[in-house]
Amino acid sequence: METGNKTESATLALGGLAAILASTCCLGPLVLVALGFSGAWIGNLTVLEPYRPIFIGAALVAMCFAYRRIYRPVQACKPGEVCAIPQVRTTYKFIFWVVAVLVLVSIGFPTILPLFY
């Protein structure tokens, strides 16, 4: 009963973490500048940029696994399991789409970023 809940939460968390890491090379310095931080050291925050494709790949894989677990039919759940409760399913679906938007932003942000300079 607890295993399915932990697995779904872990895949969503992994997807979110990978999306955040994938966008740190570009989004991090922009957020710091918007908050008023400045200095030449902000240019050093691009150290994770070579790993961006790996983070994006990890996010997409995690999102595929999360999608399969969240959108499986209710009939696959045993009565009394967390996945059979409609409120939990709705919450997981909402969180899934929030994380999916984060992943899309992290993928598209470097392409759109030059338009703001």
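Which residues are exposed on the other side of H2? I found Pro53, Ile54 and Arg68 exposed there. Before going further I note that I am working with a predicted model.

**Entry on H2.** I looked up the extent of this helix, which covers residues 52-70 and has 19 residues. From its first C-alpha to its last, H2 reaches 26 Å, close to the 27 Å expected at 1.5 Å a residue. I then listed the buried residues of H2, which are Arg52, Phe55, Ile56, Ala59, Ala62, Met63, Ala66 and Ile70. Looking down the axis of H2, I see that these buried residues fall within an arc of 130°, so they line one face of the helix. Pro53, Ile54 and Arg68, the exposed residues I began with, are on the other side of H2.

Is Val98 buried or partly exposed? Val98 is partly exposed, because its relative accessible area is 39%, a value that lies between the 20% and 50% cut-offs.

Tyr92 counts as buried, because its relative accessibility is 10%, and the cut-off for buried is under 20%. I also looked up the separation of Tyr92 from Leu12, and I note that their C-alpha atoms are separated by 8.5 Å although the two residues are 80 residues apart along the chain.

**Entry on the whole protein.** Having looked at two helices, I went back to the overall make-up, which comes to 3 helices and 0 strands, with the elements running α-α-α from the N terminus on. Of the 117 residues of the protein, 29% count as buried. I looked up the contacts between residues at least 6 apart in sequence, and of these 74% join residues at least 24 apart. For the accessible surface of the protein I wrote down about 7,500 Å², of which 74% belongs to carbon and sulfur atoms.

Definitions and conventions: Residues numbered from 1 in each chain as written. Predicted model: local features only at pLDDT ≥ 70, side-chain atom pairs only at ≥ 80, totals over all residues. Heavy atoms only, no water. Helix = DSSP H or I, 4+ residues; strand = E, 2+ residues; numbered from the N terminus. Buried < 20%, exposed > 50% of the residue type's maximum accessible area, 1.4 Å probe, protein only. Contact = heavy atoms within 4.5 Å. Areas by Shrake-Rupley, 256 points an atom, 1.4 Å probe, with all protein chains shown as cover. Expected span 1.5 Å × (residues − 1). Arc of directions from axis to C-beta.
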